[in-house]
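Please open the model in your viewer and keep the selection panel at hand.

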Amino acid sequence: MGTAVRKTGAVRGERHGDLLFEQLLDAAPDATVGVDQTGLIVFANSQAVRMFGYPREELLGRPIEILVPDDVRAGHHELRQRYFAAATHRAMGSGEPLFARRKDGSVFPAEISLSGLQTDDGLLVSAAVRDISDRLQAEGERTRLREEAEQAKLQNQLQRTQRIESLGQLAGGIAHDFNNLLAVIINYAEFVTEATAEQTDSDVRRVLADVNRDGQQILRAARRGADLTRQLLAFARQDVTRPAVIRPADVIHSIEDMLRRSLGEHILLAVRCAPDCGPVLFDPGQLEQVLVNLAVNARDAMPAGGVLTIDTASVLVDQDYITQRPDLGPGEYTRIRVSDTGTGMPQEVIDRVFEPFFTTKAPGQGTGLGLAMVYGIVTAAGGTVNIYSEEGMGTTITVMLPVTDRQHTGQNRPGRPGQDLHGHGETVLLVEDEPALRQVCQRLLTRNGYRVVAPDDTAAALAVARSTRAIDLLLTDVVMPHLLGTELADQITAGHPETRVLFMSGYATPVLAATGTLDPDVALLEKPFTRTELLTALHHVLHDTKA
């Protein structure tokens, strides 16, 4: 009797254990099936029934391969045997996504966790299956959105670049005519101011005092217009550059005093130049422009005062550095950094700060060309410009210039003080298609000791050259109808090899230098120019270049 009771209790215990096992399986979050060594399914939870679409009784005793897609079913038997031979735990998500098959034949991506279970009947393998269709779809959607966002960003950058290039072409197109007008205004204003200042009679001087002041205002306005044109051309990369092998620290130190005066007493200027920075190939005058523009922008961002720091450093750009700054190529660079403690900028301003004519200043207080000009000058020289700013924390602009292997020769030779710039009867063939500017140049040169021949056009200039025995200098515009100045110079010097040539233009890059870099053998006077600049250029070409 006791034995019978014990057997009955054992049976009840087994049933209780089976029920508990089924309850635990059904409580699991993932579909779970168990497989014996012959590959038959021996248990399946409720989640497996719902996922695969089979009633539980149809799953039990069936080969596990009914849940495997048709295209991999043939090789699954070997994989199953290999796993049973050395069963190890494989966690969910530890491998590449697999695929499973429902009763209706549909296939879905899945992650599968495998575990070996030792039982009285031998080794069983428990497979927990998770459908990851929604997750992959969500990841795909996120990837698509990221790609669309990146594509939109690239499209915006392309449109911005195209907009800047279009404005650059516009700037170059108007520069030629505008510079001619400015040259006329500047020089006629100088005629007026000189004539009124030379009067000795006291009554006449009183009458002409207002005229003299008006002439000074004309000169100031015209020079501001000339500066604006240079900014336009620099931004448009149409300005002619005269690169030299320089050390940026030399340029920074040479304008340090001027910068301090420009910043005012309420702003402290700190200059820290590293001694190991390599030389760069850059136009020293344009580097001065870059530094002055950056300093002026920083000053305006610190109305209550602050600190402006200009520092240089040598930077070796390797592959690790390029991952952070893909706009740079490998090699050695000299870094120029201009930092202020000003108001900083929001992101929407940073995104547009290098666009031409974009400014946050009040009307009449800025053209919006300063940083666009900086960008145009630096990138045209093979460098890069980067900006970092936070509102209330200031702004840092970083200029990276590639170090050159050319020999450092220092900056351009300065002019000699007290030099006599007058002519001594030399014959100048003047060719300029703008009549007003032609008259101005003829008057300036004649009054200063030159014999000037000024034909109306290039055809007449060629005729003069054929009939004139000696021409000391050809002073010619570059961009003219019918015949470019360079072509005119070639034809005239072919018959007069001793003739010196001085080009003048405010838009000469497309003709004189395809790369924007002036050939050292080409003498160019950029419009608009003053009397002193014209006479100095003529003197240098006639005398300094002679053997």
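How are H8 and H9 oriented to each other, roughly parallel or roughly antiparallel? Select helix H8 (residues 256-263) together with helix H9 (residues 284-300), which pack at an angle of about 25° with their axes 10 Å apart. H8 and H9 are therefore roughly parallel to each other, a label given to angles under 35 degrees. The axes are lines fitted to C-alpha atoms over the stretch in contact, with angles running from 0 to 180 degrees between N-to-C directions, and helices are DSSP runs of H or I with at least four residues, strands runs of E with at least two.

This is a predicted model, in which local features need pLDDT of at least 70 and side-chain atom pairs count only at pLDDT 80 or more, while totals for chains, interfaces and linings use all residues. Residues are numbered from 1 along each chain as its sequence is written, and side-chain values use heavy atoms, with hydrogens and water left out.

Next, show the side chains of Met258, Leu259, Ser262 and Leu263 on H8 and of Leu291, Val292, Ala295 and Arg299 on H9, which make the contact (heavy atoms within 4.5 Å).

Now select strand S10 (residues 331-340), where 7 of the 10 residues are buried, meaning under 20% relative accessible area with a 1.4 Å probe and protein chains only. Strand S9 (residues 306-317) runs antiparallel to S10 and is joined to S10 by 10 bridges; threonine 312 has isoleucine 336 of S10 as its bridge partner. Strand S12 (residues 394-402) is also antiparallel to S10, with 8 bridges joining them, and here arginine 335 is partnered by methionine 400 of S12.

Definitions and conventions:
Angles under 35 degrees count as roughly parallel, over 145 as roughly antiparallel, 65 to 115 as roughly perpendicular and the rest as oblique. Buried means under 20% relative accessible area, exposed over 50%, partly exposed in between (1.4 Å probe, protein chains only). Two strands pair if DSSP finds at least two bridges between them.
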